[in-house]
Every structure is written in C-alpha cells, then in structure tokens.
Amino acid sequence: MTRSLENNETSALFTDFYELTMAQGYWKQRMDSPAVFDMFFRRQPFNGGFSIFAGLETLLDALVHFTFSESDVAYLAEQGIFEQGFLDYLKAFRFRGDLYAMTEGSVVFPNEPIVRIHANLIEAQIIEGLVLNHINFQSLIATKTARVWLASGKGHIMEFGLRRAQGPDGAMSASRAAYIGGASGTSNTLAGKLYGIPVQGTMAHSWIMSFPSELEAFNAYAELYPEKSIFLIDTYDTLNSGIKNAIEAGRGLVEKGFGFGVRLDSGDIQYLSTEVRKRLDEAGFPQALVSVSNELTEEIIETLVQQKAPINSWGVGTHMVTGGDEASFTGVYKLAARHNADGGALIPTMKFSDNPEKTTNPGVKNVWRLYDADGMARADILALEDEAVTPGEFRRYYHPSVDYRQFGFSPAKVEPLLTKRIESGRRVGPVPEPQQALKDARDVMQRQLQTLDSTYKRILNPHIYKVSITEALKALKLTFIEARLQ
C-alpha cells in the first residue's frame with residue numbers, strides 16, 4: 001500500500017535521519033538543555049555580489065505545525081533502533097523555541113546569521129533540515145531572479161519554469177521565490193491562486209500547428225482573447241510568415257480598440273527583435289509589444305539590453321527556477337552557544353576547520369547594517385548580543401578571519417537586522433496572509449537593492465560588500481583560537 005505524501009512538510013519526519021539518532025542520544029544523555037544555532041551561508045551564488053533572503057514565511061508556517069503523527073512514530077518504531085521512551089517523547093514533540101530572522105526579501109551576505117534559533121538541543125537539531133530546505137532553495141531562486149531583473153533594467157520578467165522545475169514542490173517554491181526576486185508574473189496557475197502572483201501565458205507552437213494556417217490560428221486566438229493576444233511568431237518562419245500574419249491579425253484587433261504583441265522563442269533574438277520591431281513600426285503599430293524567451297540567462301539579457309534590442313518583456317524558465325549553473329545555496333546550520341550542564345549562562349561554541357572559511361563565529365550574535373549619509377549600505381556588522389552599534393559613533397571593525405584587515409566608520413544610520421519571529425513556538429504578532437507576505441517581501445527586495453551601490457550589483461566581477469565583526473567578537477574568537485593552539 002502506497003503511503004500518502006500529503007502534508008509531508010509538516011511531518012517532523014521531514015528531517016535527516018541522523019538528526020533523530022542524535023536526538024535519541026541527547027535524550028538518553030539528558031542533554032536536552034537550551035542551545036543557540038545560526039543559519040548562514042558561506043559564499044554568494046553565481047559569483048555575484050549579493051543574495052536575496054527568501055523562504056522565511058513558508059518556513060515559519062511549517063515550523064509551528066511541525067509534529068510527529070501516529071503513523072510517523074509507528075514508522076520510526078519499525079526501524080528497530082529507537083526506544084519506546086524516546087518514541088513517547090516524539091509523540092508530544094513541538095517546536096517550542098524562539099526564532100529570530102532577517103526580513104524576507106532582504107539583501108544578505110555570506111557568514112552573517114540570517115536565521116537564529118533558540119531552543120532545547122533536541123528541538124533545534126530536529127528542525128535543521130526544515131530550516132535549510134526552505135531557506136536554501138528559495139534564496140537561490142530569488143537571487144537568480146533578482147540578477148535577471150537587474151540585467152533587464154528592472155524590466156518585465158515572466159517566470160514560466162514549471163515544466164523544468166524539480167518536481168511539484170520545487171515548482172511552487174520557485175514561483176514564490178521568483179516573485180520575491182522581481183518576476184512580474186508566473187505561468188504556474190496554482191502559484192497564482194495560492195500566492196496572488198499575476199498569471200500570464202500566451203500560446204504554444206501546438207496551437208498554431210493545429211490550424212490549417214498560421215493566420216487562422218492567430219485570428220482564432222484574437223477572437224477568443226482580444227485583450228490579451230500575444231502571437232507566437234517563430235513556428236514556421238519568423239520574418240517571412242510569422243510577423244506578417246501577426247500584423248494582419250493584430251490589425252483587426254487595433255481596429256476594434258485593442259492592442260497586441262508578438263513573442264520570439266528561437267533564433268538570433270537581437271537580430272530578430274530588431275527586424276520585428278521595425279516591421280511593426282512600419283505597419284503603424286509602435287505600441288505593439290515584443291516579448292522574448294528561449295533559455296535566457298542574466299548574461300544573455302544584459303547583452304541584449306546593452307545592444308539596445310527592442311524588447312518589452314522577458315520570459316525566463318529553466319535557468320531561473322533551477323538556479324542554472326548553480327546547484328544550490330550554501331546555507332549551513334551551526335551551533336553557536338550552549339548551556340552548561342548546571343543550566344547556567346550560555347557558553348559560546350566555535351567550529352574549527354582546516355578551511356578558514358568553514359571556521360564559525362562564536363556566541364549569540366546580532367547583525368547590524370551601517371549606512372552612510374546618503375542612505376547607502378556600507379557594511380554589515382556581526383556583534384555580540386549585548387553590544388550596541390550606535391549612529392554617529394566611530395568604531396573599528398575587523399575581518400571575520402581575525403587577520404590584519406579592518407576599517408573604521410562612523411555610520412549616519414544603523415539598522416538591526418534580526419527580529420524575533422517565533423516566541424515559545426508561536427508566531428510573534430499578526431500573521432500576514434500568504435499573498436500579502438509575498439508582496440511585502442518583494443517590496444523589501446526592491447527597497448534594499450536601491451541602498452546597494454551599483455558596483456555590488458554587477459553581473460560580472462562585482463565589488464565585495466564588507467561583512468565585519470566588532471572588536472569584542474574578534475577578541476572572543478581569538479580566545480578560542482589561542483586555546484586550541486596551546
């Protein structure tokens with residue numbers, strides 16, 4: 001009998017198996033004391049200069065409903081390695097901790113906590129996979145889309161990658177994340193319903209091939225959808241038939257008071273769009289739109305924009321919803337602090353590695369963004385929880401590698417980036433509707449990108465944004481390093 005996969009994200013089995021074996025170990029050792037974990041990422045995807053934080057709202061919703069059902073516990077019992085007492089513990093499992101996070105849609109940078117978890121050790125361990133799954137994939141896609149959007153000159157981007165996405169859940173997450181990253185609409189009808197994303201679509205080559213002639217196919221479509229007619233003109237011959245028939249069908253629409261457009265899905269986009277635009281203008285239709293698709297990337301789009309290709313909108317699928325040549329977002333989840341066995345104050349922890357970039361920053365940390373007098377973001381600062389970063393105060397900040405690199409700055413404005421989103425297992429404040437949450441995240445993305453200098457937003461060879469640590473955090477980190485060297 002096939003098991004149902006419904007509600008798989010709210011099943012606490014949506015975790016790596018080793019989390020459960022460790023959890024039983026903690027339970028047996030009576031090590032279920034409070035701990036703090038950071039979720040951060042190690043490098044910018046696509047060799048870019050920024051990333052977009054996405055997936056928070058879907059994570060929060062899943063986290064507050066994350067439980068082991070009776071069938072989940074029965075499945076674990078079948079594995080033969082879990083004690084009955086631990087299985088009874090799991091029956092009552094809920095996430096009852098606190099979660100701090102940056103605002104969804106935020107511009108984020110490597111090595112800074114974008115999510116911080118305060119919970120007992122078992123709870124914090126079991127939710128690791130859920131946290132990383134939601135944040136990593138959606139942040140990857142939102143970042144990719146933001147790069148496409150910027151490359152187009154903040155143009156009209158249509159996401160239609162459903163058929164190339166990694167399964168149904170991947171398609172839904174990708175549509176949501178792409179909208180945060182700047183896409184104007186989606187072809188994914190279910191995503192449109194659930195998230196309020198504008199749905200868009202024209203016609204396929206099969207529609208045109210189903211009619212005796214291309215012109216009849218265009219006329220039939222125009223009759224059905226006079227207000228939304230975009231003719232696909234490359235089924236047979238773009239310049240010798242497609243654009244000619246589109247102009248003839250479009251003429252009838254314009255005479256009735258409607259507009260129209262054309263779409264190119266193959267060939268030399270720069271050459272064909274220029275020729276098509278020329279013929280539309282010569283025919284008296286300067287308002288007719290030219291839309292293009294066909295394996296577009298941000299690099300291709302940027303080149304076409306630089307060549308002044310007369311394109312009004314961009315349809316991007318495969319490379320947007322899969323991440324293209326970047327397989328994953330490098331988000332990780334690491335222990336930052338734990339309690340003593342006697343339940344005293346939190347003790348900072350630090351992971352070491354032969355690879356310096358994998359050595360973590362210890363302790364409970366906040367993240368502050370520093371702005372100059374023009375309102376531009378200049379640096380993100382990791383500070384210990386009890387430290388304040390004050391506008392107008394000149395301070396020195398240090399490279400996280402605790403080497404000689406440092407800089408001094410007196411910010412005109414400072415902004416704390418981590419906010420409590422869950423307290424004792426419950427959402428903090430009013431819970432926004434999914435559609436409103438998505439619009440808010442998109443607005444955050446657009447506003448924050450405006451505060452980022454253009455050098456950080458270059459598609460190729462961007463400037464590296466400063467993520468630095470305070471003197472106090474540097475001193476704490478050095479105590480760990482010096483102790484290890486003894």
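**View 1. Ser-424 sits in the loop between β19 (419–423) and β20 (426–427).** Phi of Ser-424 is near 50°, a positive value in a residue other than glycine. Most residues other than glycine have a negative phi. The model is predicted, so local features need pLDDT of at least 70, side-chain atom pairs count only at pLDDT 80 or more, and totals for chains, interfaces and linings use all residues. Residues are numbered from 1 along each chain as its sequence is written, and side-chain values use heavy atoms, with hydrogens and water left out.

**View 2. Arg-30 also has a positive phi, of about 55°, although it is not a glycine.** Arg-30 is found in the loop between α1 (17–28) and β1 (34–41). Is Arg-30 buried or exposed? Arg-30 is exposed, because its relative accessible area is 79%. Buried means under 20% relative accessible area, exposed over 50%, and partly exposed in between, with a 1.4 Å probe and protein chains only.

**View 3. Seven strands form an open antiparallel sheet.** The order is β13-β12-β1-β5-β3-β19-β20. Two strands pair if DSSP finds at least two bridges between them. The edge strands are β13 and β20, and each pairs on one side only. Inside the order, β3 (residues 98–101) and β5 (residues 115–120) pair in the antiparallel sense over four bridges. Leu-99 stands opposite Ile-117 in β5. Helix α6 packs on this sheet and touches β1 and β12 (331–339). The direction of α6 makes about 140° with that of β12. Axes are lines fitted to C-alpha atoms, for helices over the stretch in contact, and angles run from 0 to 180 degrees between N-to-C directions.

**View 4. Helix α6 (residues 128–151) packs against helix α13 (residues 298–306).** Their angle is about 10°, and their axes are 8 Å apart. That angle makes α6 roughly parallel to α13, because angles under 35 degrees count as roughly parallel, over 145 as roughly antiparallel, 65 to 115 as roughly perpendicular and the rest as oblique. Which residues of α6 and α13 meet? Lys-144, Arg-147, Val-148 and Ala-151 in α6 meet Glu-298, Glu-299, Ile-301, Glu-302 and Val-305 in α13. The residues of this contact divide into four nonpolar, no polar and five charged. Ala, Val, Leu, Ile, Met, Phe, Trp, Tyr, Cys and Pro count as nonpolar, Asp, Glu, Lys and Arg as charged, and the others, Gly among them, as polar.

**View 5. Six strands form an open sheet with parallel pairing.** The order is β7-β6-β11-β10-β9-β8. Edge strands β7 (185–186) and β8 (230–232) each pair on one side only. Four bridges join β6 (residues 156–159) to β11 (residues 313–316), and the two run parallel. Ile-157 stands opposite Trp-314 in β11. Helix α12 (residues 269–282) packs on the sheet, touching β9 (261–264) and β10 (289–292). The direction of α12 makes about 160° with that of β9.

**View 6. Pro-362 lies in the loop between β13 (346–348) and β14 (365–371).** At 0% relative accessibility, Pro-362 counts as buried. What does Pro-362 touch, not counting residues up to four places away in sequence? The list is Ala-336, Pro-348, Thr-349, Met-350, Leu-384, Leu-473, Leu-476, Lys-477 and Phe-480. Contact means heavy atoms within 4.5 Å.

**View 7. UniProt, in an unreviewed entry, lists residues 365–477 as "domain: Nicotinate phosphoribosyltransferase C-terminal".** UniProt positions follow the numbering used here, feature names are shortened, and annotations may be inferred rather than shown by experiment. Over residues 365–477 the chain is 21% helix and 34% strand. The end C-alpha atoms of that span are 12 Å apart.

**View 8. The protein chain holds 16 helices and 21 strands.** Of its 486 residues, 52% count as buried. Its C-alpha trace spans about 80 × 65 × 40 Å along the principal axes.
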